[in-house]
Structures are given as structure tokens and as C-alpha cells.
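Here is a short tour of one protein model. Keep the structure open as you read.

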Amino acid sequence: MMTKVYNFSAGPAVLPAPVIKQVQAELPSYHGSGMSILEMSHRSSLYEDLAAQAEANLRDLMAIPDNYDVLFLQGGGTLQFTMAPLNLARHYHRLGIVDSGHWADRAKEEADLLPGIEADVVALSKDEHYTALPTDYHLTGDYDYIHLTLNNTIEGTMYRQLPHLPGQVLVGDMSSNILAQRYQVKDFGMIYAGAQKNIGPAGLTVVIVNHDLLDENQNLPAMLDYVKQAKKHSALNTPPVFAIYVAGLVFKWVQDQGGVDALQKRNEEKAKLLYDYLDNSDLFKATAKPADRSITNVPFVTGNEKLDQEFVQKATAAGLLNVKGHRSVGGMRASLYNAMPKAGVEALVEFMKQFEMAH
Ligand SMILES: *Cc1c(COP(=O)(O)O)cnc(C)c1O
């Protein structure tokens, strides 16, 4: 008998329990085929149907306009730090980076490695150790796009409203809050997200790109070319069939929960539970500035490294898993993605109260 655990990992992260159950039930024989999805050809009609259905459900959930391609790629969020500039920085060969945290910084590093491409920091909050979103923008010249990290997974800040940048194309890294917070796809030239935080297993990256921004004849190496990938419905080579299958089940689950708006409301309630406790605690404190606080990733500290370690250890023993903070921030971090039930946050807060009383 396993005791109940809650997984607060930042990624790969908790998946909805009914999805895991369905995967288990369907694993030996997918839709009466006698074959497991793990063995199934990506050229079979069963696969083509499930990929098309997953795309249709994602389009419905995010209200993706028809002129946007939806791609199911590999290489993680990180490969998009390279693919986005290759595909989209073709006029000015220049992009602006809003340096709001570690992942934004990585996006700049990777873009800087591309010959002939310039990545300028147009706003940054490094001086505040990324505990708040940048506020001052300095745009000097023409940019193909501005790269924005919608949710800073490590530092625990997120955009509730997009910065006002008239005339600029926005490229949004939504790896850690896609489907958790409502954004309008039409406000972006492109959106991408590694699946393993809020969508499904690792190995899949979702890309949503405005087709009008692409050049039919851009002719990049095939795997790196959004146009070629779109033409082949993301099956230019063998796609991550299992990850797409699970993502499709999660999209269906999100629909069953009432969609993105309903989940956002639930996420706000879950986050409020934890932040309210943190703001009233004499022991723990949230590290991100209140106005910019993320609803999906909540970093917090005691201010004493030894005590932080003890907390992580005891929480783990109590079945509250993966609450250790990222090494760059230290302390703790609780990730409260869509699939984290409210009961998990209640259990965490209850445990923190007891820990505080004992110290
Ligand atoms: C996790 C993460 C990444 C990197 O994702 P990989 O899929 O591991 O490459 C990029 N951006 C953000 C915001 C993330 O949270």
C-alpha cells in the first residue's frame, strides 16, 4: 500500500489522476487495436486521428485563430530558443529579450550563438534578483520580435497583463503556465511550451505560430523549419507518439474541468491559500513581489539554509514531494500546476503550520 503523496515538482510534473488511470487502462491495447500506443506507427490512421483530435482540442481550449499553425515538436522549450530566431528573425536579424529570469537569460544565450543574429536585452530585472518583472523598456531600433517569458518558473513571477509594446511581435515562452492562465493567442506572433510542466510527459514541445510571419521559401534545415513541420503535420520524422497521446488526454481533461478560465480560477484559489499563509507566517516568506507573483510556481524561504533543508527533508518524509527550490534561488518552491489538487495545497499549508509551531 502506497501512502498518498503530492508532487510539487516544477517539471516533469504532476499529471491529472484520471489521465494516468486512462493511460494504464488503454496501455495494452489502444482502441481495440490489440497494440499498445507505445508500439504504434505514426503513419497509422489511429495515430493521425489522435494527433488531429489533440490539435483540435488545444485549438478549442486556447481559441487559436485559423492562421496559426499548431506544431508538436521535440527538443524541449530550449530548442525554441534557437528555432524562434531562425524562423522569425529574418528581416532585421534582431530580437529583443525581456530578461525576467533564468529562462529568458537562456533564450538570449542561445540566440547569441546564431551567426548574424543579435539578441538585445530590452528590459531586465536582474538587479532585483528577478523577484519582480522588469518595468522599464528600452527599444532601440527594429526588432523582428520581442521574447517574453510569461511565467518565470524558477523565480515565481508571471505576467497577468502583457507589457504595452505597440507594433511589436511578441514571442511567448509559456512553458510553465500554458493552459493555467488565460492569454489571447492573437496577441502573440508565436507561443511555445515544453509539455512536461502543464501538459504531459517530457519529449513534446507545443509551438503555436502565426503562419503569416513565416516565409514559405525560408528553407531551413527541415527539423528546424516551422513551415516544413507544418506541411507535414509535425510528422516530418517520427513524432513523440506517446507524449502526444497523453497531451491529448490532458487537453480533454482540461475541457472536462471547464476549460482554461475555470482552471485559472482554481489555480488562483490554490495559490492564494499558500500566499496568504506565507504572508502571515513568522517563519516562511514568499520571495516574489506580490503584484507579479506566479500562480503556478511559488518560491519561499525561511531565511535560514539549515532550516530550509530540514523543512524539505521532513516534507518529503510526509509525502510532500519535490519542494526543494531551484539551486539559483535556494529555499523551497511549490509548483501548483493545473493537475495539483486543492487538497495538495491544503496538505502543504497544514504541514508548514505544524513545522512553524515546532520551530
Ligand atoms: C522548463 C522551462 C524551459 C526549458 O524547458 P525544456 O523543455 O527543459 O527545454 C524553458 N522555459 C521555461 C519558462 C521553463 O519553465
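A residue counts as buried when its relative accessible area is under 20%, and as exposed when that area is over 50%. This model is predicted.

Start with helix H1, residues 17-26. Its buried residues are Val19, Val23 and Glu26. They share one side of H1, because they cover an arc of only 80° around the axis. An α-helix has 3.6 residues a turn, so residues three or four places apart point the same way. What do the buried residues of H1 pack against? Their partner is helix H6 (241-256). Turn to the other side of H1, and Ala17, Lys21, Gln24 and Ala25 are exposed.

**A sheet with a helix across it**

Next comes an open sheet of 3 strands, in the order S11-S12-S14. The pairing is antiparallel. Strands of a sheet pair through backbone hydrogen bonds.

| Edge strand | Residues | Pairing |
|---|---|---|
| strand S11 | 285-286 | on one side only |
| strand S14 | 332-335 | on one side only |

Phenylalanine 300 stands opposite methionine 332 in S14. Helix H7 (residues 259-280) lies across S11, S12 and S14. H7 runs at about 15° to S12.

**A proline in a loop**

Last, find proline 166. It sits in the loop between strand S7 (157-158) and strand S8 (170-173). Is proline 166 buried or exposed? Its relative accessible area is 59%, so proline 166 is exposed. The C-alpha atoms of proline 166 and leucine 220 are separated by 29 Å. Along the chain, proline 166 and leucine 220 are 54 residues apart.

Notes: Residues numbered from 1 in each chain as written. Predicted model: local features only at pLDDT ≥ 70, side-chain atom pairs only at ≥ 80, totals over all residues. Heavy atoms only, no water. Helix = DSSP H or I, 4+ residues; strand = E, 2+ residues; numbered from the N terminus. Buried < 20%, exposed > 50% of the residue type's maximum accessible area, 1.4 Å probe, protein only. Arc of directions from axis to C-beta. Contact = heavy atoms within 4.5 Å. Pairing = 2+ DSSP bridges. Axes fitted to C-alpha atoms, helices over the stretch in contact; angles between N-to-C directions.
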